[in-house]
Structures are given as C-alpha cells and as structure tokens.
2 protein chains.
Amino acid sequence: MKPYVIGIDMGGTNTVSGIVDARGTVIDVDTIKTATYAHVEDYVDALCHSVICLMKRNDALDKIAGIGVGAPNANYFTGEIEQAANLPWKGAIPLARMLNERLHLPVAMTNDANAAAIGEMTYGAARGVKDFIMITLGTGVGSGVVANGRLIYGHDGNAGELGHIIVQRGGRLCGCGRRGCLEAYTSATGLARTAREYLELRDTPSSLRAIPMQDITSRDVYDAAIAGDMLAKEIFEYTGKILGEAFADFVAFTGPRMIVLFGGLARAGELLLQPTKKYMEANLLPFYRDRVEIVLSRLNEADAAILGAAALGWEAE
Amino acid sequence: MKPYVIGIDMGGTNTVSGIVDARGTVIDVDTIKTATYAHVEDYVDALCHSVICLMKRNDALDKIAGIGVGAPNANYFTGEIEQAANLPWKGAIPLARMLNERLHLPVAMTNDANAAAIGEMTYGAARGVKDFIMITLGTGVGSGVVANGRLIYGHDGNAGELGHIIVQRGGRLCGCGRRGCLEAYTSATGLARTAREYLELRDTPSSLRAIPMQDITSRDVYDAAIAGDMLAKEIFEYTGKILGEAFADFVAFTGPRMIVLFGGLARAGELLLQPTKKYMEANLLPFYRDRVEIVLSRLNEADAAILGAAALGWEAE
C-alpha cells in the first residue's frame, strides 16, 4: 500500500494542498490563491502544478494512494462542485474528473463539513466511533453525519445539512432564504446577532456596549464573557440552549455515541459546551440521557481541513 | 440457501408467526395470545411450539434460513426487549437468545418500526432504494431510517425515534413525558386531539359535533372529511402541515430519496398526503425541492408486520 495521500482544502480565498501519512501527520503543504484565476481550467492547472511540486519535493511521486478534496458544495457522488456562492466560476465544475485526468490518481471529493467528519473519524476524537455527528460552528453551521461507520451522503450527495434544520419556525432570516435555521442562531455570526439583539432589547450594563454595534464579533462576546460580563455569559447560555435543544432531536434521529464540535465558535470551550450539554440532557428522551458525549474536535485547527480531505483520499478509487 | 424465513410479530395482545418465502409471500401463519402467560418462559415455550407447528405443517422443518422478530422496545444489538410498557413481563427479556436456544435457528430482532422499514426495503415500496425514511402513523409515530442501504440502529440500538422530535417547543404533552413531540400531533391519537381542540375553540358547524367529544377517533375525522366536512378537512390540513414541516427537516438530515408512510393514519391517503407534500416542499432547502417522494407503503397491511420481521430473518446469523 502506498504510504501517503494528498488532501486538498479548497476555500474561496486559498487552496491548500497537503501531503499526509497514515497516522495523520501533515508532512508538507503548498498553497495557491483560489480567486485569482478567471477560468477554472487555469485554476486546475495551477493546482496540479502545486500538487506535483509538493510530491516532487517530498520524493513522493509514486507514493500517493489517492487525493481527497474538501470544497464548498462538493458532491461526493458526482465529483462536481455545484453552484458554490463564494467561488469565481459559475455552473457545475467537474473538479474530481479534471484532477484525475491531469494527475492520474484516484480523486474523491466532498464538502468541507463532511471532510471534517471523515477527518475526525480517521485521525481525531471519533477514531473508531461508528455513530457520531460532527458539527462545525463557523461563519455558518455545517455537519457530517456518520452511522454504521459510514458517512451519510444521502440519495444524491446532499445529506447532512443540519445547520438548516428549523429551530424556530418563523424565526431569524437565514442566508438560505428561509427563517429560523439553526445556523442563524448558533454560528459565530448567529451568536454576534444574538449579542446585538440583547444589547438593543435590554438595558443591562455590558462591556460590549463600548464596541460599535455592527462591529461586534463572536470573539468580542467570548472575551467579555471570560472577563465576567454577565450579558455576554447570557448570550453563550442562549446559544447553548438552542444548540442543546437541537442536539436532543439529532440524537433521536441517528442515535450517535458522540457529537463533535469544530470550528471558530467551538474554541469557546466550556463557555459553550456547558449550556449545550445541560439543555441537550434536559430535552433528551429519557432512555438517551447520560449516554451521549459532546466533545471538542481533536484535530489541530491549522491542519484539520487538510486532514479531513486527506482522510477521504484513502477511500478514493 | 434455505427457501423460507419465519417472521414473528409480537404485540401486546397477539403474537403472530408467519412462514415467508424470498418473494414476500406469507405462506401460513399461527397466532398465540401474548398476555395470557404470567411467566416469560411459558410464553416463549408456547411461541416455540407455535413456530414448530407452523414449520411441520408446511413441511419446512429444515428449510428455514432464520427467524426475525419485530417487538416493542426490542434492541437489535442485545436481542433483548427493554422495559416494554405494554407487555406483562418486567425487566429486560433476552428473547433472541431464548428462541435461539430452543429452536436452534439464527434469530434477529428489532422494534416494530425498524422491522417495517426493512420489510418495505425487502418487499415493498422501497425495494432497491438505499436512502429512505419509513414513518408509521398509528397510535404513536414510529420510524425507521435507512441510509447507505442499511438501517440506522445507532450507537446502542435506539436510533430512529422521529416521533419524538420536538415540533413545537412547550407544545402538547406527549406520552414520553416531554412536550411538543411530532407524535402528539401526527399520530392517529394526535389527529383526534386536534379535532377536539378545533371543536372546542371554534364554532364552525361540523358533523363531528354529533359525536361525543371524547369518543372522536381519526376514523371519524376521515369519514367527515371525505363527506365534505370543512372542519374535518382543516384538521387533516393542519396535521399535514406539521408532518410536512418535520419532513423538510428530516430530508436535510439523511437526504432520502423517499419517505414511506405506513399505519392507520396513512390509510387517509391523499387527504393527508396532499398537505404533507405541500408543506414539505414549501419548507425544504431550495436544492432538495422536487427531489423527494412521499409514498404510501406497498405492503398489504395484514401481512406487513410479519413481512417486516421476516425480512430481518434473512439477515439473522
């Protein structure tokens, strides 16, 4: 068996390729700018050049088992990127085929959140766990659902959109055009939105009032909460409540052993974990109580996206 | 390969065993009363006697590939029935082991709703479908979730409790002790409850007013709706709305190709299907729209429970 895989993390700004071994060590990386290429062909040529450089300088030209790609709106079944809002190219992009034709290596592709789940299962907190749910709390809320040891892609590759489960019917407007999605409340952006609502509707004193309303970020709320600001703590409590209530429903769906949190907001640690656990337990069906762990990702954040994509590379055929 | 399986449908009142071939023909059945046995050992002896009679009279003593059991609160992993409220015996009952020791045949066991899903996948509307959700609308709301061609049992055998997803926080009290579960609205009992609420809160004329309030059943509401009663139609519309909204969330979870409806309330057909489809579509994330079918079970209702259990029998080892 070949000893390495290539993991490619494709973002709107940068595309980072990494060479990774079976234990999850990121041996070397190479980065190109995603958005500078007007034509997708030019982008793919540059990406292939970057990958070949990476292989050459690590003496690994014939040691690669496969390539895994994590990309926004990537479909595992078709190997295409479908209507990704933050990429410069329009229409469906058959990236898996394009890479395969140029590099002559098997390529597997999925969206970022699914890649993160596979990374966690292969190298992280969910190693050996056959039933778990990965939740990424970043600008949006993404998810990857694993059951029976396999990621659930669904009938046409679009399963696992738990960020768009409705938690409040008729609630906050979400980026997807609907109202009340989990993402509108528990993403980093959602938490900042809660902060603005709280500051507007209440007159409790808070250190957050020193920041211009529109500039408040989840990081500001975190800093304030850690410094003891009561309103900031309440904002985390509320976010954990919405998340915990949603998790209680998620558990009734696939009966996971654990829920793994990842992404910017997960860095808040206990501040978010504590209320999330409390409200999940309070809302679970009795026979699920005290049986489901909520844990933080164990992947090094700098490497996580590469590792997730790389883990998929082992499955590429 | 042996040509038959035994399917056992264990209910609180009757336990029906059937001998079934690979095409899903129920060749013969035998029934015993469940609740007449004070000791579980006596019940199991009687059940084994019933199964042996069934095999003998069909000349199938050495033609059985396995036994499948569908039972309330049955756990696939442990082969035990756990705290079933409507069975006369207390504690965990290791039914799979007890049957295996007496009959020397492989036994697999799961709960009724999961068995129905496996039956639908093997013999019914979901034949060959790898991603679907089965919803049983009876006294309660049960479910079986299939992804990647396999039933999701979850980490400890308790997955797929979609009847207890919260659809209205702080809403109706459910039999599980919590509030606002799907089951409290969209089971046959839930629909009758909606009828009582509507009759009490409104003064619209309705043929349902001729029935004593506490006696109203989902069947009465169905008959009234079919006869053109406007209030009865509204009750189905409301039930379909709650169901359709919930289905939109379910789709975002496992990305199924279809949702199969089964059980007493599913017999209402278009009266329920039409609003359910409408509200599901209206609440789906855009890229799921017009991609998910809602269909009625294609299993003959009299045989369905046996067929579900029997289908599991092929998997027993």
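Trainee: What happens when chain A is laid on chain B?

Mentor: Chain A goes onto chain B with an RMSD of 0.1 Å, by a turn of 180° and a shift of 0.0 Å along the axis. The superposition is by least squares on the C-alpha atoms of residues with pLDDT of at least 70 in both copies. That is the relation of a two-fold axis. The model is a predicted one, in which local features need pLDDT of at least 70 and side-chain atom pairs count only at pLDDT 80 or more, while totals for chains, interfaces and linings use all residues. Residues are numbered from 1 along each chain as its sequence is written, and chains are lettered from A and ligands numbered from 1 in the order in which they are written.

Trainee: Why is it said that the copies meet through the same surface?

Mentor: Because 100% of the interface residues of chain A are also interface residues in chain B. Chain A gives 31 residues to the contact and chain B gives 31 residues, where contact means C-beta atoms, placed from the backbone, within 7 Å. On the side of chain A, strand 9 (141-147) and helix 7 (230-254) are the elements that give two or more residues. Helix 7 of chain A has the largest share, 4 residues. Helices (H or I, at least four residues) and strands (E, at least two) are DSSP runs numbered from the N terminus. By kind, this side of chain A has 16 nonpolar, 8 polar and 7 charged residues.

Trainee: What makes chain A as compact as a globular protein of its length?

Mentor: First, the content: chain A has 9 helices and 12 strands. Its radius of gyration is 20 Å, close to the 20 Å that the globule rule gives for 317 residues, so chain A is as compact as a globular protein of that length. The radius is taken over C-alpha atoms, and the rule is 2.2 Å times the number of residues to the power 0.38. Along the principal axes, the C-alpha atoms of chain A fill a box of roughly 60 × 45 × 35 Å.

Trainee: Which domains divide chain A, and what separates their centres?

Mentor: Domain 1 of chain A is 4-119 + 302-313 and domain 2 is 129-297; such bounds come from an automatic or database assignment. Their centres, over C-alpha atoms, are 28 Å apart. The contact takes 11 residues from domain 1 of chain A and 13 residues from domain 2 of chain A. On the domain 1 side, helix 3 (residues 112-123) of chain A supplies the largest share, 6 residues.

Trainee: What makes H104(A) count as exposed?

Mentor: H104(A) has 7 C-beta neighbours inside 10 Å, so H104(A) counts as exposed. The scale is 20 or more for buried, 12 or fewer for exposed, and partly exposed in between, with C-beta atoms placed from the backbone. H104(A) sits in the loop between helix 2 (95-103) and strand 7 (107-110) of chain A. Its phi is positive, about 55°, although H104(A) is not a glycine.

Trainee: Why does N73(B) count as partly exposed?

Mentor: Because N73(B) has 18 C-beta neighbours inside 10 Å. N73(B) lies in the loop between strand 4 (64-70) and helix 2 (95-103) of chain B. N73(B) also has a positive phi of about 55° without being a glycine.

Trainee: How many residues are in the largest nonpolar core, and which have the most contacts inside it?

Mentor: That core has 205 residues, with V69(A), V221(A) and V69(B) having the most contacts inside it. Residues up to four places away in sequence left out, V69(B) touches, among others, I8(B), M10(B), L95(B) and A309(B). In chain A, 51% of the 317 residues are buried.

Key. Contact = placed C-beta atoms within 7 Å. Nonpolar A, V, L, I, M, F, W, Y, C, P; charged D, E, K, R; others polar. Core = buried A, V, L, I, M, F, W, Y, C linked by C-beta atoms within 7 Å.
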